[in-house]
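Hi,

Here is the structure I said I would pass on.

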Amino acid sequence: MLHAAANRNKELVIDKAKTCQTNKTESFLIKFTVPLNFTSSNNVVRFYGNFSVVQQIRAPLEITLVAYRCTLDLQNCQRYNAVQVPKICSVLAETNSFWSPFVRSIQPTATYVFKDSAFDLSFFTSFPLEGYTWQVTAKLYSTAYTPKKEVFCFAAQATLKTVRRP
């Protein structure tokens with residue numbers, strides 16, 4: 001029995017990832033020329049494609065993450081937690097965080113390109129996420145305005161699964 005457990009890994013699988021579809025979508029200052037493409041396997045999500053910033057985004061910026069815990073069949077969802085991170089640019093500039101390789105991989109040009117953009121999700125597998133589907137919304141705001149201005153919204157859906165190793 002112990003041997004069977006040793007051959008299993010937890011894997012956070014991203015089922016969906018896209019720009020939020022709301023009445024504010026058209027006014028977002030970050031635009032994807034085509035829908036975002038991604039793959040998810042072995043606790044790594046890889047992004048492909050590019051995006052444009054259609055107008056200067058005024059700092060300071062803040063991000064709000066809202067997580068909903070849903071039954072696996074998505075018939076029932078409850079707001080689980082929310083996190084607000086002010087001055088997100090200084091947080092993203094940290095060089096030794098689990099998100100640092102992903103941030104460095106985005107190549108700024110006239111259009112921003114995801115170049116070998118992999119985000120390692122292993123950090124999240126130690127949390128008690130099993131048995132649910134998780135829906136997370138990340139909203140980016142410019143707080144230089146009153147009221148603050150939503151400049152982008154991203155939504156993802158994930159499930160923590162136990163997979164058998166070969």
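**What I found**

Starting in the sheet: Phe 51 has Tyr 112 in strand 9 as its bridge partner. Before going further, please keep in mind that this is a predicted model.

That pair belongs to the contact between strand 5 (residues 50-53) and strand 9 (residues 112-114), which run antiparallel and are joined by 2 bridges. Strand 5 also pairs with strand 2, again in the antiparallel sense, over 3 bridges. There, Lys 31 stands opposite Ser 52 in strand 5.

So much for the pairs; how do the strands line up in the open sheet? The sheet has 4 strands, in the order 2-5-9-8, with antiparallel pairing. Strand 2 and strand 8 (106-107) are the edge strands, each pairing on one side only.

Strand 2 turns up again in the second largest pocket, where it supplies the largest share of the lining, 3 residues.

- The space in the second largest pocket comes to about 220 Å³.
- Strand 1 (8-19) and strand 2 (30-32) are the elements that give two or more residues to its lining.
- The lining is made up of 14 residues, and those nearest the centre of the pocket are Thr 19, Gln 21, Phe 32, Val 34 and Pro 35.
- Sorted by class, the lining of this pocket has 7 nonpolar, 4 polar and 3 charged residues.

One more spot to look at is Ser 97, which sits in the loop between helix 2 (88-92) and helix 3 (100-105). Is Ser 97 buried or exposed? Its relative accessible area is 16%, and because the cut-off for buried is under 20%, Ser 97 counts as buried. What does the side chain of Ser 97 make a polar contact with? The partner is the side chain of Glu 94, at 2.9 Å.

If you open the model in your viewer, I would go through it in the order above: the sheet, then the pocket, then the loop.

Cheers

Key. Residues are numbered from 1 along each chain as its sequence is written. This is a predicted model: local features need pLDDT of at least 70, side-chain atom pairs count only at pLDDT 80 or more; totals for chains, interfaces and linings use all residues. Side-chain values use heavy atoms; hydrogens and water are left out. Buried means under 20% relative accessible area, exposed over 50%, partly exposed in between (1.4 Å probe, protein chains only). A polar contact is a pair of N or O atoms within 3.5 Å; within protein, one must be able to donate a hydrogen and the other to accept it, and residues adjacent in sequence count only if both atoms are side-chain atoms. On a 1 Å grid over the protein atoms alone, a cavity is a set of points where a 1.4 Å probe fits but cannot get out, and a pocket is an open set with protein on both sides within 12 Å along at least five of seven lines; lining residues have an atom within 4 Å of a point. Grid points are joined across faces, edges and corners, and a volume is the space filled by probe spheres set on the points. Ala, Val, Leu, Ile, Met, Phe, Trp, Tyr, Cys and Pro count as nonpolar, Asp, Glu, Lys and Arg as charged, and the others, Gly among them, as polar. Two strands pair if DSSP finds at least two bridges between them.
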